[in-house]
Amino acid sequence: MAIKKDRAKPKTKQASSKTEESPTTEPVRKTTSPSQKGKTGFPIVGIGSSAGGLEALQELFTNMPSDTGMGFVVVSHLDPSHVSILPELLKKCADIPVHQVKDGMGVKPNNAYVIPPNKSMGILHGKLILLEISEPHGLRLPIDFFLRALAQDRGIAAIGIILSGTGTDGTLGLRAIKGEGGLAMVQEPSSAKYDGMPRQAIDGGLADFVLRPSEMPARLVSLAGYSKKEFIEERPTATVTRPDYLGKVFLLLRQHTRHDFSQYKPATVSRRIERRMIVNQIDNIAGYASFLEQHPAEAQALFKDLLISVTGFFRDKEAFVALKSHVKTLISQRASTSPLRIWVPGCATGEEAYSITMIAIECLGELNQGIDIQVFATDIDDAAIGRARSGVYPVGISADVSPERLRRFFIQTEDTYTIKREVRERMILAAQDIIKDPPFSKVDLICCRNLLIYLNSDLQARLVHLLYYALSKDGILFLGSAETVGKHSDLFSALDKRWRIYQRREVPLLKKQQMQIGPIAFQREPAEAGGEPKGDTAKPFNIAEIVNKILLQKYTPACVVVDQSYDVLYVHGQTGKYLELPTGPLKMNILDMAREGLRMELASALRTVFLKDQETSRSKIEVKQDDNIQLVDLKVSPIAGLAGTQKLCSVMFQTVTSDEPVASTKTKRARSTRSYKRVAELEQELALSKETLYTTREEMETSNEELKSANEELQSTNEELQSANEELETSREELQSVNEELMTVNAEHQEKIDELFKTSDDLKNLLNSTQIATIFLDENLHIRRFTPATTAIFNLIESDIGRPIHHVTSNLLYDKLDEDLNKVLDSLVPKSIEVQTKDTRSFTLRILPYRTARHVIQGLVLNFIDITQEKKAAQEVAAAKAAQEVAESLVNTVREPLIVLSGDLRIISANNAFYNMFQVSKEDTGKKLIYDIGNRQWDIPKLRELLENILPENTHFNDYEVDHSFPTVGHKTILLNARRVVAVSGQEPLILLAMEDITEQKQHKKGVSQG
């Protein structure tokens, strides 16, 4: 609908700047209350998903930065009997902390929260509230429930996201968020595994952004920047107060939509424009005006935002309970042939209109009345009217409509509820501008909720007058909880002040004439209009005016003014000769008041005037007054210049004075006799016609009874079929719900299975890389698994899995294996044994209990560690050690000193003869350089040179004579022999130095030569 505003008293500069020839219209729709301001605080993102949603959630959080400044709440359809691992799965791909919700947990920025199974969840003052679920496997709509709560708690700081899933859950929640000025994102249907939920939201016109999950984080980050900068915190609407650019927005909007919003309340318009600026990421109103000019589609988007509807079935249930009692009163006071007429302007998508129709039908049944019901539902939005005509609504309406009404008035399909024909056929849905188009008339009930609050006082007054005119006598007006009739309380009496239910009052004709009930257009007013009165001023004496009044009173004929219902509205002069008050209840109908002889002519004249809108007259009508007959001229004229569609006419009576002699009494009697005879003939014909009509009517009623009986039988059969169908639908619903839960659980299990496969592959590769033979046995010592290296010990193949271990032949030379296995299984004490195989290989057999993560024993683990090489090396070391001991024994039996040197001339070992000869100990010589022992008594340069050349040049020397004074043993002459030796294959070569003391021989030879 559109509201036109009088330009004579402009409220804003924009309004006054409009040209006089261009009336402005203001579309008005049911939206959130203007007093509902955006909540403060950081944005909270509600994410709804169902079947196939795990992949979308992982893709979303994988690309989500860790510093968005937003809180995230995930609501998914989960199996109520299954422990959810969804938080653990999301932790692996998210850079922000992920929590499973606990009751009363506060939402923090840069954190994610996941709903637990078997719970419903809301939010209050930023804290998550968990609620118990009465029917775990019934139809549940947790996404709608949470998003609605989020919209109420966060206002314009609420963001809703709908991901993959079947059904319609989330649609009503997104509508609530958009109604509060929040934003809505929907997964692109082609990227969703199941596109039911995303497509339903898109078809409902609720999606601000349609994106893939991977694209959503970047858009959220960009929106967060705009939210922090201007649009989320509560503040004056400074960004849209510049008249020049705001006027440009209104002009472009009117150009593209033919609707003028310049007279809309500034606060509401500002919030909606700001919301579009956030969506399009525009900083200021000037930029938005340019964007609107370049993108005509944005005008339609802004138009839809301004018409965003927050409606629902039986909104404010207590108000509808109160209304129902007054509807009963309306029905009980009606004649059986008079239909009950209801008008719902601004019906949006029809929920409220259907609600009132259902109440009226229920009242008819409770009062056992059979009157007809006509409901006129109108709105300015063609798309909304189209959805209302279809009568198809998401399953989320079950939260607002009782199960009894759902069964009686709806047909449930797979994911929707459809209005039954019983309700739909009583409604007429049409696109209508409540101001520009003519209103409905003689309406018994008008439901106009949450519409007046968006209009300024002038437009409110005009609309109240319009609604008053449309109502019939004692008609009811039903307003929203935040609305009143204001200063027009003289037009309505309050039936229920709390729920704003009013009844039409009768007011004087003058008051009705002062009402502005025509099309609300912008009109010029005098220059002084709207100004304060300047006080009483004396009026000049006007004798002509006094004379006119005297003449009107004494010489004008009697006259009355009547409306289209023939009710007398005004009386002038003496009308007692023509009209008289009837007996019984007071009636103002002029035909009931007309004297005998005047009624037929008066009725004919009135019909002619109201039908053809032209003056008519009747002359010399014989009217009986007491026992006399008088001649009366009758003149009926339409009254021109009235506002609106109301028609009035004036009826003037003039008694005829004639010079002709009055007919004699005999003549009069003869004339009367002829008249009575004719009347008798007509009455006889009328009686015969009535009898024929009565017979025909009886036959028709008999046929109707037979048809009614057949119809009742068909209706009974149809009800039985409907009942069976409802039971099947209920079962299908439960199966669908369980199926969605199983699909979610299956996705989690599949993720876990993939992880287990990876872990299994890792363990398998680890065991294979160790080359350790391992066998896993169950509690009955049956083979569960084995590694490839085991086949060298046991003759195992894949088909042996499940067989007892003692049924498999082995190469072990060990006959106590079964006994040891049973001992370990009984005592749970690990055992380690050295065993050998028939091919002389040695193994360390370790038998350990198989423990699960829950510390449950489920068998044994056998490890065979190959120690063949280690044993062989140990044997070689032992042999070498024995050989070394033999060699040392042989060396010690030699009487000449022997020394073994390393390549750098350090003493490795020496025999006893050396220690005895030079009076040193093993501790003094161990690992020391030969020329450092005995106070450097072996520091002989020539000897060092010879020794250092042995290994590099592979040389040796024999009988090298050293004549040297040793501090410990005195002067000695020694023959030295040295050569290269290899003690153990693969080790570095050593130097063997042998010494022979020839001091005495030298002295003996010297003495002989001297003697």
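## Helix 10

In this predicted model, helix 10 spans residues 285–294, and I285, A286, Y288, A289 and L292 are its buried residues. Buried means under 20% relative accessible area, exposed over 50%, and partly exposed in between, with a 1.4 Å probe and protein chains only. Viewed along the axis of helix 10, the buried residues lie within an arc of 160°, so they line one face of the helix. The arc is taken over the directions from the helix axis to the C-beta atoms. Helices (H or I, at least four residues) and strands (E, at least two) are DSSP runs, numbered from the N terminus.

At the start of helix 10, a side-chain oxygen of N284 comes to within 3.3 Å of the backbone nitrogen of A286.

## Conventions

Residue numbers run from 1 along each chain as its sequence is written. Local features need pLDDT of at least 70 and side-chain atom pairs count only at pLDDT 80 or more, while totals for chains, interfaces and linings use all residues; side-chain values use heavy atoms, with hydrogens and water left out.

Helix 6 covers residues 196–203, and M197, P198 and A201 are buried in it. These residues cover an arc of only 100° around the axis, which puts them on the same side of helix 6. Their cover includes strand 3 (44–49), helix 4 (142–154), strand 10 (158–162), helix 5 (171–179) and strand 11 (183–187). Just after helix 6, G205 has a positive phi of about 70°.

The loop between helix 6 and strand 12 (209–211) holds D208. D208 is buried, with a relative accessible area of 15%. The side chains of D208 and K178 are joined by a polar contact of 3.2 Å. A polar contact is a pair of N or O atoms within 3.5 Å; within protein, one must be able to donate a hydrogen and the other to accept it, and residues adjacent in sequence count only if both atoms are side-chain atoms. Apart from neighbours within four places in sequence, D208 is in contact (heavy atoms within 4.5 Å) with K178, G182, L183, A184, R275, R276 and V279.

Five strands form an open sheet in the order 24-23-27-26-25, with antiparallel pairing. Two strands pair if DSSP finds at least two bridges between them. Strand 24 (568–572) and strand 25 (616–625) are at the edges, each with a single partner strand, so one side of each has no neighbour in the sheet. From one strand to the next, the twist averages 25°.

Within this sheet, strand 23 (residues 558–563) pairs with strand 27 (residues 648–655) in the antiparallel sense over six bridges. Opposite V562 stands C649 in strand 27.

Strand 30 (residues 831–836) and strand 31 (residues 842–851) run antiparallel and are joined by six bridges, with I833 opposite L845 in strand 31. Their hairpin has five residues between the strands, and T840 takes a positive phi near 65° there.

Strand 31 is also joined to strand 32 (residues 857–866), by eight bridges and again antiparallel. I847 is opposite L862 in strand 32. This hairpin has five residues between the strands, with H855 at a positive phi near 60°.

## The chain overall

The chain contains 28 helices and 37 strands. Of its 1011 residues, 44% count as buried. Among contacts with a separation of 6 or more, 64% come from residues 24 or more positions apart.

Methods: Axes fitted to C-alpha atoms, helices over the stretch in contact; angles between N-to-C directions.
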